[in-house]
There are 2 protein chains.
Amino acid sequence: MSIKEKVVDKAQAASQAARGLANLDTTTKNEALLAMADALEDSSDFILNENQKDMKQGRENGLNDALMDRLLLTEARLEKMANGLREVAQFDDPIGEVTGMKKRPNGLQIGKVKVPLGVIGMIYEARPNVTADATGLCLKAGNAVLLRGGSEAINSNQAVTEVIAKAAYKSGIPTGAIQLIETTDREAVQVMFELNEYLDVLIPRGGPGLINAVINNSTVPVIETGVGNCHTYIDNEADQEMAQEIVMNAKTQRPGVCNAMETLLVHSEIAEDFLPEMVTKLQEADVEIRGDETVQRLVSGVQPADEEDWSTEYLDYILAVKVIDGFEEAVDHIHQYNTKHSEAIITDNYHKARKFLNIVDAAAVYVNASTRFTDGGQFGLGSEIGISTQKLHARGPMSVNELTTTKFVGYGDGQIRE
Amino acid sequence: MSIKEKVVDKAQAASQAARGLANLDTTTKNEALLAMADALEDSSDFILNENQKDMKQGRENGLNDALMDRLLLTEARLEKMANGLREVAQFDDPIGEVTGMKKRPNGLQIGKVKVPLGVIGMIYEARPNVTADATGLCLKAGNAVLLRGGSEAINSNQAVTEVIAKAAYKSGIPTGAIQLIETTDREAVQVMFELNEYLDVLIPRGGPGLINAVINNSTVPVIETGVGNCHTYIDNEADQEMAQEIVMNAKTQRPGVCNAMETLLVHSEIAEDFLPEMVTKLQEADVEIRGDETVQRLVSGVQPADEEDWSTEYLDYILAVKVIDGFEEAVDHIHQYNTKHSEAIITDNYHKARKFLNIVDAAAVYVNASTRFTDGGQFGLGSEIGISTQKLHARGPMSVNELTTTKFVGYGDGQIRE
């Protein structure tokens, strides 16, 4: 069987299962999620053993520490995955909700009902927890899933998929609803890009290289996720103490994630007052500062920032800093360089706060808060399958609700169109 | 200037205008729509004169009657376009609505606000009315628009755009918000496909060839519209008189549109009783019948249907007819061949009605009604920019609400993430 045939086979099986899943009752879905969670814990020896094969391979291939850490599974991490599935079981089932039902003048009753998307293709990188997390969210929303994880995690992903799929099917999820592409050949991804007949959406999760490859090559509709070149703008009317705390949090609390701040914009009127202490604090936290000329003049130990720095998502202990001449310039800078993820203004001025929220184009915009809040859990929406940075379908953290679509249903008594 | 530079220039101008449009007040937008409507009527001599150039060219190029009719503008059609804009002025402004605003445990207040998509690219074929209709809906939802009409309507489209843009800008719409690509070179469309930096969505309106070209080649997110291989299934428990009326309406009331019926499925138990009279009526209305073997045996004057007929959107006085052995076979046939547009069952059986609505996958599903109802106006949603047959973002008739997205807004007092 060719790689293409293998992938098409799995997609077909998922599509077939999706028809049954679409109308599965909530109780069955929830019981399956709980059984999958138990199975993960009960099979921890098997899964951790398979994970060790990936770890060994990773060491041999010289993966860096950060990647090795992402790859690693432990009892505690498996428990976290299991608890993630249990949390999803607690979510409201979005499927079947009817909105806007009304009677038209001719008596035809028309409304919109929430239905699953169908089959969701996930293309992701090192972390094996995505295998369970994504499957749980997809199933809860009545979708089948076709998973393609990173080649470095293939043994772990196979083990996790085998364990949760077995538990799911035993609990009444239609067989075939959970599919993992087991070949690590890149051709498999290319095949997924053209599976419009079977896949309703592709969600890439990973670095900009992966995401751009999917956007540029897929004819299946894509939800773009994750790349975050996030800014915090410190206005001349900011509470500077608050600004310092927010900047420290947005940059250093977890620099490797997409909602961490990458560029700090400071109003020129307060730059001399604000920057020296701020930069010192950041440097004490091991943050490398790359600044424009004004920043270099005001504080020492600053690397010069070039054009590329304004567009870079460092995901690291590095921060670009720019002094700007006012609100409009800050907004223009953000408009030019942001990836429409998360943006914040720190100000005490009512009008500027309101204007920033109105005109800055991003999935999440904040006044006087850390950009780090852009997260399904933090927003009270539950765990997320990704953070959409595009405008179609879903924007910001996506959970079960964003894995659905709608259809119109019409109840007639013989109505015909005049 | 190269074709690429010209297109990019226009897209850039639209993108720049979109920033101003996004926060324009409703009154200004509505007054602009009314001024555009008046301008269309006041400039009818100019527009009709330009349209005559297209008609002359069309005759010389041997366009068929249907295409020539689509191309033609008249005083009455201009008035209809103007009234379309006046109707859009009456719509509620979707922009700015906040939903789900709540206070998180840390005091951060988070909600979702409805915002424009940004810049909408429209690629469409012969009808020049799309130029005004699409522009009106886009502007009402705060979007700029980049239009690419069919080459055969270029003079008409230029005239309409010139007239409405002038009126719009005079009424306070940011200059540049309405852009028409004036080169008829196909390269311009290719350039649009890659304008991810400036275009937020591409909406193709036209035949399957155009739509597939956009889906297969665009890296800009696409909303798929319109192709409708629609079925009506006559159940053995149907009211046959009602079924006849619905079939006649769905096939013959306006066969050239996407929500017209293309295949009739009849339960074998009633085929002998139902089909002869039904087929005669259809034939009397000049409908050519292409049937499977049973249909050919039961009635005369039937052409044999082959595999291709089951997948064809005729958009003409042609109907494929198949006798099937029951509900499940009907649903399977629809699943295999439909384009997820509009599907109907005619039955008196409660359980089958409910099941059909639940399991058939389409933008609109009906019980005991004509598929011809799938339309923004008929659904009470107002005029539409197209009917989405995909599952992401919007499904079914799309009006101003579907031309928006959301962003999360967060009001903080110094919140940082623990």
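Domain bounds come from an automatic or database domain assignment. On that basis, chain A splits into domain 1 (3–224 + 390–411) and domain 2 (230–373). This is a predicted model, in which local features need pLDDT of at least 70, side-chain atom pairs count only at pLDDT 80 or more, and totals for chains, interfaces and linings use all residues. Residues are numbered from 1 along each chain as its sequence is written, chains are lettered from A and ligands numbered from 1 in the order in which they are written, and side-chain values use heavy atoms, with hydrogens and water left out.

**The two domains of chain A**

- The C-alpha centres of domain 1 and domain 2 of chain A are 35 Å apart.
- In domain 1 of chain A, 5 residues are in contact with 6 residues of domain 2 of chain A (contact means heavy atoms within 4.5 Å).
- The size of an interface is often given as the accessible area lost when the parts come together.
- Between these two domains of chain A, about 380 Å² is buried, and carbon and sulfur atoms give 36% of that area. Buried area is the accessible area (1.4 Å probe) that two parts lose on being put together, summed over both.
- On the domain 1 side of chain A, R127(A), K391(A) and R395(A) lose the most area to domain 2, together 74% of what that side buries.
- The domains of chain A share 2 salt bridges. A salt bridge is a side-chain nitrogen of Lys or Arg within 4 Å of a carboxyl oxygen of Asp or Glu.
- R395(A) and D361(A) form a salt bridge, at 2.7 Å from N to O.

**Salt bridges in the whole structure**

- Side chains of opposite charge can pair when their charged atoms come close.
- Over all chains, a search finds 40 salt bridges.
- E402(B) and K112(A) form a salt bridge with an N to O distance of 3.9 Å. This pair crosses between chains: E402(B) sits in the loop between β15 (396–398) and β16 (404–415) of chain B, and K112(A) in strand β2 (residues 109–116) of chain A. Helices (H or I, at least four residues) and strands (E, at least two) are DSSP runs, numbered from the N terminus.
- E402(B) counts as buried because its relative accessibility is 16%. K112(A) counts as partly exposed because its value is 23%. Buried means under 20% relative accessible area, exposed over 50%, and partly exposed in between (1.4 Å probe, protein chains only).
- D200(B) and K391(A) form a salt bridge at 3.3 Å, N to O. This pair also crosses between chains, from the loop between α8 (187–193) and β6 (201–205) of chain B to the loop between β14 (386–388) and β15 (396–398) of chain A. Both D200(B) and K391(A) are buried.
- Within chain B, E288(B) pairs with R290(B) in a salt bridge, with the closest N and O atoms 2.8 Å apart. E288(B) is partly exposed at 32% relative accessible area, and R290(B) is partly exposed at 21%.
- A network of salt bridges links D200(A), K340(B), D361(B), K391(B) and R395(B).

**A helix residue in chain B**

- E75(B) belongs to helix α5 (residues 75–90) of chain B.
- E75(B) is partly exposed, because its relative accessible area is 45%.
- E75(B) and L48(B) are 27 residues apart in sequence, and their C-alpha atoms are 7.8 Å apart in space.
- Leaving aside neighbours within four places in sequence, E75(B) is in contact with S44(B), D45(B) and L48(B).
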